[in-house]
Each structure stands twice: as C-alpha cells, then as structure tokens.
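Biologist: Please put the model on the screen for me. I would like to ask how you know each thing you say about it.

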Amino acid sequence: MTHKIKITFAFCTYNRAARLEKLITAMRAQTCSFPFEILAINNNSQDNTLEELQRLAIQSGAPLRFVTETVQGIVAARNRAIDEAMGSDILIFIDDDEIPLPGLLEGACQSILHDGADCVGGRVIVDFSDQKRPDWLSDDLLGFLAEVNHGDQDFWIKDEKTPIWTANVAYNMDIFTNNPEIRFDKRYDRIGNVIGGGSDLMLFKSLVNKGFKLRYCSNMAVLHSVEPWRLHRRYFLKLHFLSGYRTAFYETLEYKQGIFGIPFYLFIQTFKQFYLSLTLLLKSKPYMRQTMNFTHALGLMYGCFSRWKSAH
C-alpha cells in the first residue's frame, strides 16, 4: 500500500485576529502536489482569535485545524505544533504576521521529498508597503527584523553563516519523531508581543551541529509585515542587549580572572565598542550597527554578572 504524504502548514498566533482571514486565505491559495492541512496554535489570545478561527474553519479550501496552547510563550506554542503534527510527514512553519507567496509549499515539499533535506528554509521579505521605512534602517539591519535572502540559487547549508528562521521553514517530521529531545529551547522564549526570543536560531544551530541536512530554497518566500514599534532604534538596541545577556548567562564559559563573574576582557571589549560608537556619532556617520555591538557587549557583561550572582 502506497504511503500517502501528509503536510501540516502551521502558524502560532497571539492577539492578531484581524490578520487571520488574509493569512489563511493566502495559505489556502497555495498549490501543492500533496494534500495539506492548516494548523493554527492559539497561544491564549485575548481578542476574538478563537471566534475568527471557528468562522474560517468552516470555509472551503484546505482544512483548518486549531488548538489552544495554555502555556504562554512562543516556545510552548511551537513545540505544541510539533506534537500536533506527529502524524504528518512534513511540518511547515510561517508566522501570523506574514503572507506566503506562490510556490512556498511546493518548494518545501520538493526540497524534502525529492532532494532529501531534513530541514529547508526560504526567503523572508520585509514588507514596507503599508508603512514608511526609516531612513536609518539600512539593508544590513533587515536581518534583525527576520529578513532572509540568500539569493536566487538553491544550496545546501553547511554551517551557521546562512541561517533560516521559523518565519519560513519546513521540517521532515522524522527529526522530531526519532529525536524527542530536539525541540525549541525554553531558555530562549518570547512571551507575548515583547522583545527577545531566539529559539528558532538555537534549533537551527542544533540541527547544523548534529549533522542534519539543511537546505535553502529560493522558491520558498513570505512577505513579512513588521509592527511599527519594531521600527525604532531602541528595539534594535534592546534586542542586542538581550541577545548578549542570554549568550553569557546560558552559553559562555566561566573565567577565573574577572570581577563579579565578568571576565576582564569584556570590560576592555565593551569600552572599545562604546568608543567606536561615540566616534561615529560625533562624526555624524551611520552608527546603529556599531551601537548594537556596544549594547550586545553590555548584555554579555550583565549576563555574566547575573550568572555569578545566582551562584552566590
């Protein structure tokens, strides 16, 4: 008997009821060689998300299934999607603030079923069609708004230099059924509409380091709508501070020489980053990328201190 391929096309959502009809309509408009279901993980939304999902579930097109994950946070929601997709062959993630472009599902399925990828990701295009892009927001900063564009050619990902995000990624479910320890990491959670996260990056790094076959597929693409509050310098600075904090608190090795758990080299590094940032600012040159390096260094210092304090 021939095995029937099953595809789960999933997204996690929190308080974005107004976007759901446009999103699910675009998901249903995808064409694919295999039948697919749409899976929505409602993470305790306080608006009318459930009512919208109920209304959309009875409309024609690909079946829509939805569940509520009562543990707050994107990590719990994403891991719930994995559990809900255990009967599927492929799990494809996008976010609830995105619109999938034609060819996404077919590209994902071909990369996994034909090319043999364990995990495949594609382009994430930041959409400024409904709001003005700030003058200071240069192209090299778009990656911090989840943009991914590794070009028009497909290729195998060999290291961490070409990351792919859950904003547009597909997994062969054998990864999770055969390795129950592989899940999104709670330590890099994001709860509600706040700054932070990184669990998808940590899963990506884990898959690379464990030797899974990862691929970039240029035909997979989504338009990503960015909330206005993220288009401010303070968002980028806080994001890098938190990234530094988590890196130091969870990953950095302990050093014997230091003060209050902070290694001496970090004091030197942080002062250097501050000096470079101040120099660029005084010369009226673009300074955001350098200032982000400075706040990341501050986060590293605070993370080291916090880990030292928790141990004493």
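Modeller: The chain has 9 helices and 11 strands.

Biologist: What makes a run of residues a helix or a strand here?

Modeller: Both are DSSP runs numbered from the N terminus: a helix is H or I over at least four residues, and a strand is E over at least two. Bear in mind that this is a predicted model, where local features need pLDDT of at least 70 and side-chain atom pairs count only at pLDDT 80 or more, while totals for chains, interfaces and linings use all residues. Residues are numbered from 1 along each chain as its sequence is written, and side-chain values use heavy atoms, with hydrogens and water left out.

Biologist: What share of the residues count as buried?

Modeller: Of the 312 residues, 49% do. Buried means under 20% relative accessible area, exposed means over 50%, and partly exposed lies in between (1.4 Å probe, protein chains only).

Biologist: Which residues of α8 are buried, and where do they lie around the axis?

Modeller: Leu 266, Thr 270, Gln 273 and Ser 277 are buried. An α-helix has 3.6 residues a turn, so residues three or four places apart point the same way. The buried residues of α8 pack against β11 (262-263) and α9 (288-311), while Ile 268, Phe 271, Lys 272, Tyr 275 and Leu 282 are exposed on the other side.

Biologist: What do the buried residues of α7 pack against?

Modeller: They pack against α9. Among the buried residues of α7 are Tyr 235, Phe 236 and Leu 239.

Biologist: Why is Asp 96 called buried?

Modeller: Its relative accessible area is 5%, so Asp 96 counts as buried. Asp 96 is in the loop between β4 (90-94) and β5 (98-100).

Biologist: What does the side chain of Asp 96 make a polar contact with?

Modeller: With the side chain of Thr 13, at 2.9 Å. A polar contact is a pair of N or O atoms within 3.5 Å; within protein, one must be able to donate a hydrogen and the other to accept it, and residues adjacent in sequence count only if both atoms are side-chain atoms. The Asp 96 side chain also reaches the backbone nitrogen of Tyr 14 at 3.4 Å.

Biologist: Why is Asn 15 called partly exposed?

Modeller: Its relative accessibility is 27%, so Asn 15 falls in that class. Asn 15 lies in the loop between β1 (7-13) and α1 (17-28), and it has a positive phi of about 55° although it is not a glycine.

Biologist: Which residues does Leu 137 touch?

Modeller: Leaving out residues up to four places away in sequence, Leu 137 touches Phe 128, Leu 142, Leu 145, Leu 231 and Phe 236. With a relative accessible area of 2%, Leu 137 is buried.

Biologist: How many disulfides are there?

Modeller: A search of the whole structure finds 0 disulfides. Cys 217, for one, is in no disulfide: the nearest cysteine sulfur, that of Cys 109, is 10 Å away, whereas a disulfide is a pair of cysteine sulfur atoms within 2.5 Å. Cys 217 counts as buried because its relative accessibility is 2%.

Key:
Contact = heavy atoms within 4.5 Å.
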